[in-house]
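Please find below a note on the model under review.

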Amino acid sequence: MHSLHWTSRMISRALRSSFSTLLESATGAAASKGGEGALKSSSPRPHFVSVVCGFAKDNLRHKYKPGKYGEDSWFKASTDQADVMGVADGVGGWRSYGIDPGEFSSFLMRTCERLVQCSHFNPQRPVNLLAYSYCELMEQKKPILGSSTACVLILNRETKTVHTANIGDSGFMVVRQGEVVHKSEEQQHYFNTPFQLSLPPPGHGPNVLSDSPESADTMSFPVEDGDVILIATDGVFDNVPEDLLLDVLRDVEGERDPVKLQMTANSLALMARTLSLNSQFLSPFALSARRNNIQARGGKPDDITVVLATVAM
């Protein structure tokens, strides 16, 4: 474990010098607007300072596209009422059927981002975003086939409360005063088969797992100034033990400098990438396999998406 802590420090240093071209911009214009409004308010209202980083599993096959890392997708959005973040992970098995798994997850996240700006947006109901996005996908004239897990998180600025909806094995964790105070639990039908939203090809319906948006796990909890929130796909959680995640996240509690936050997101993403390719590392995924009587060792190569935020009031 000592060597892993040393590795995480080396990864952080490497990213400072050579990985800046892989990164998303630290803050969007909407988030900046929300931050300025919070600062001007006589009663401080929270907002997110947020950044994104990630890797495609196969960098040669997947060219970079905004909002995507391979078959993973993500979004960030902001209104006067709320800040919203989400990730989705397209189920890779569809590729063997000639279906691009990234199209399903990308449509879900792009639609969620758009719906945040609609008049019927409810900052207390992230499951509604998933449900409405899934309905729109099902109604497309040209079917968008495939499956995806998803996790959406909303900060309601008025109530200083975060509301979450998670379906499958993407997820989130919240760190405060050096401890994990909230985190999602993965939803699995059985080992390595997460809950998922699906639209199978004609004739495949009876053989395909398909869960409803309403089956998502939901949580609501108050946030405090300085809280750190990580939302990520399973490429992170399957490869990085929770104690290593916590070691990195506790260092940015209360951080409002987006550059420093970006460095931390870089470290997390590259740590997950490095461990996923380590054939000798006893990863969280390998440990889970052993609990299911499957002898496994090493990381799990996968697309990796990290959305990292701190709460500022």
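The points below are numbered for reference.

1. Basis of the note. The model is predicted, so that local features need pLDDT of at least 70 and side-chain atom pairs count only at pLDDT 80 or more, whereas totals for chains, interfaces and linings use all residues. Residues are numbered from 1 along each chain as its sequence is written, and side-chain values use heavy atoms, with hydrogens and water left out.

2. Strand 4 and its partners. Helices (H or I, at least four residues) and strands (E, at least two) are DSSP runs, numbered from the N terminus. Two strands are said to pair if DSSP finds at least two bridges between them. Strand 4 pairs with strand 3 (residues 72-78) in the antiparallel sense over 7 bridges, and the two form a hairpin with 3 residues between them. Within this pairing, Lys-76 has Met-85 of strand 4 as its bridge partner. Strand 4 also pairs with strand 5 (residues 146-156), again antiparallel, over 9 bridges; here Asp-83 is bridged to Leu-155 of strand 5.

3. Burial along strand 4. Buried means under 20% relative accessible area, exposed over 50%, and partly exposed in between (1.4 Å probe, protein chains only). By that rule 9 of the 9 residues of strand 4 are buried. In a regular strand the side chains alternate between the two faces of the sheet. Ala-82, Val-84, Gly-86, Ala-88 and Gly-90 point one way from strand 4, while Asp-83, Met-85, Val-87 and Asp-89 point the other way.

4. Val-84. What is the relative accessible area of Val-84? The value is 1%, and Val-84 therefore counts as buried. Contact means heavy atoms within 4.5 Å. Not counting residues up to four places away in sequence, Val-84 touches Phe-75, Lys-76, Ala-77, Val-116, Phe-121, Leu-129, Val-152, Leu-153 and Ile-154. The C-alpha atoms of Val-84 and Pro-123 are separated by 8.6 Å, although the two residues are 39 apart along the chain.

5. Nonpolar cores. A nonpolar core is a set of buried Ala, Val, Leu, Ile, Met, Phe, Trp, Tyr and Cys residues joined through side-chain atoms within 4.5 Å. The largest such core has 30 residues, of which Leu-230, Leu-249, Val-306 and Leu-308 touch the most other members. Two or more residues each come from strand 1 (47-55), strand 7, strand 13 (228-232), helix 6, helix 7 (258-276) and strand 14 (304-312). Helix 7 gives the largest share of this core, 8 residues. Apart from this core lies another, of 28 residues, among them Phe-75, Phe-104, Phe-121 and Tyr-134.

6. Leu-308. Leaving aside neighbours within four places in sequence, Leu-308 is in contact with residues including Val-49, Val-51, Ile-229, Leu-230, Leu-249 and Leu-261.

7. Largest pocket. On a 1 Å grid over the protein atoms alone, a cavity is a set of points where a 1.4 Å probe fits but cannot get out, and a pocket is an open set with protein on both sides within 12 Å along at least five of seven lines; lining residues have an atom within 4 Å of a point. Grid points are joined across faces, edges and corners, and a volume is the space filled by probe spheres set on the points. The largest pocket holds about 610 Å³ of space. It is lined by 26 residues, with Lys-183, Glu-186, Phe-237, Asp-238 and Pro-284 the closest to its centre. Helix 8 gives the most to this lining, with 5 residues. The lining of the largest pocket divides into 11 nonpolar, 7 polar and 8 charged residues (Ala, Val, Leu, Ile, Met, Phe, Trp, Tyr, Cys and Pro count as nonpolar, Asp, Glu, Lys and Arg as charged, and the others, Gly among them, as polar).

8. Second largest pocket. Its volume is about 410 Å³. Of its 22 lining residues, Gly-90, Val-91, Gly-92, Lys-300 and Asp-302 lie nearest the centre. The lining of the second largest pocket has 3 nonpolar, 8 polar and 11 charged residues.

9. Cavity. The count comes to 1 cavity of 30 Å³ or more. The lining of the largest cavity consists of His-120, Phe-121, Asn-122, Arg-125, Asn-128, Leu-129 and Tyr-132.

10. Positive phi. Asn-192, although not a glycine, has a positive phi of about 60 degrees; Asn-192 is partly exposed, at 38% relative accessibility. Asn-293, also not a glycine, has a positive phi of about 65 degrees and is exposed, with a relative accessible area of 73%.
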